[in-house]
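Dear colleague,

Please find below the structure for your records.

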Amino acid sequence: MNRAKLIFLLLVASLVVPLGVALLVPSKRGGDLLVYCAAGMRKPMSAIAERYREEYGVKVELQFAGTGTLLGNIEASGKGDLFLSADSAHIEIARDKGLVEEALPAAYLTAGLLVPAGNPMGLASLADLRDREGLRLVLANPEAASVGKFTRKVLSEAGLWGAISGRALAMKPTVNELANDLKIGAADVAVAWDAIAEQYPELDFVHLPEFDRERKTVTVGVLASSEAPPEALRFARYATARDRGLEVFAADGYEIVEGDRWAWRPELEFFSGAMLGPAIRGRMEHFEEREGVGLKFVPNGCGILVSQMKGGERPDAYFSCDVSFMDDVRDLFAEARTVSANDIVVLVSDRAEGKVAAAADLAVPGPRVGLAHPEKSALG
């Protein structure tokens, strides 16, 4: 789920909220950023950080290591702004530990065999890693690198981890070191990510069905330890924007996610039942200030808003005063949530005080009764 959708839910209290907004961050510049970056993403992230510095004057310091090693460093140091993991699993571990608050996907990775160009030994299966005589195999350390942890998982499921890992010449802490061993001729094969092969013209990648079944998602998380969370959020959004950071990932051979377009201060169109306005205006202002986004607030009767949406208008978010109106446009949004409820009461003027005790009292001659429109208003 896009993290801004969740933020929007938490910041504004009403009945039903469809989530359909992009992660947004404040426009106020912060200081330098420290990013813990999986070593396999060194090339694209170095370029993205430099581009960001040139555009906005914010220095991004990158610390490279295996994903598992980085997670340990983050937990031990209690410092830093962002964590770029080679897979979302480590981000979820960090989130469970209270280390990560926001996360955005960037690209996909597939593991397989990294071999010299042309695959001179004709390696094509896990059985080759187990049985081929004289094969010089290097693997990533499962405790240090994401690809190592995934390799152990896949080989264990195939009943081959002990046999194949026992043949490895070395367990390397990063995927880059695997590639460098192959590049200089110190090894014949390694298990690595497909995108790494794209960055080494001397190497090729061999797909294996056991690894192809599960892609991993390169994910950037904003750390709870960040002293500049607005700036950290902004850089995360920049790095995963399809017309900024994802362009760099794609050029380096990564299969990228769709991503949002980059904007320094995006604007969201927000439809809302008119009755909710007094309750949410303060939270809207807080949201704009905290997230660096402008909200175009469009209050009206829910029936009118639904008609506008059915006629083609597409707001980024919609607050409905009643679930029935949400049901009418549910297919236009992502998940909707019921977050509160209201009792329906009868408001009585001083003149009629004591004369209305039940609904039937409204039908007797004399009292002037006002009702909401049954089609245009949730209350009606």
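**Aromatic rings in the model**

The count of aromatic pairs comes to 13. Please bear in mind that the model is predicted.

One of these pairs is formed by Tyr 52 and Phe 235, whose rings are edge-to-face, with 5.0 Å centre to centre and 65 degrees between the planes. This pair links distant parts of the chain, since Tyr 52 belongs to helix α2 (residues 42–56) and Phe 235 to helix α11 (residues 229–239), 183 residues apart. Are these two residues buried or exposed? Tyr 52 has a relative accessible area of 0% and is therefore buried. Phe 235, with a relative accessible area of 1%, is buried as well.

Tyr 56 and Trp 262 form another aromatic pair, which is tilted: the centres are 5.9 Å apart and the planes are at 55 degrees. This pair, too, links distant parts of the chain: Tyr 56 is in helix α2, Trp 262 is in the loop between β12 (255–256) and β13 (267–273), and 206 residues separate them. Tyr 56 counts as buried because its relative accessibility is 13%, under the cut-off of 20%. Trp 262 is buried too, with a relative accessible area of 9%.

Yours sincerely

Methods
Residues numbered from 1 in each chain as written. Predicted model: local features only at pLDDT ≥ 70, side-chain atom pairs only at ≥ 80, totals over all residues. Heavy atoms only, no water. Phe/Tyr/Trp six-rings, centres within 6.5 Å; stacked < 30°, edge-to-face > 60°. Helix = DSSP H or I, 4+ residues; strand = E, 2+ residues; numbered from the N terminus. Buried < 20%, exposed > 50% of the residue type's maximum accessible area, 1.4 Å probe, protein only.
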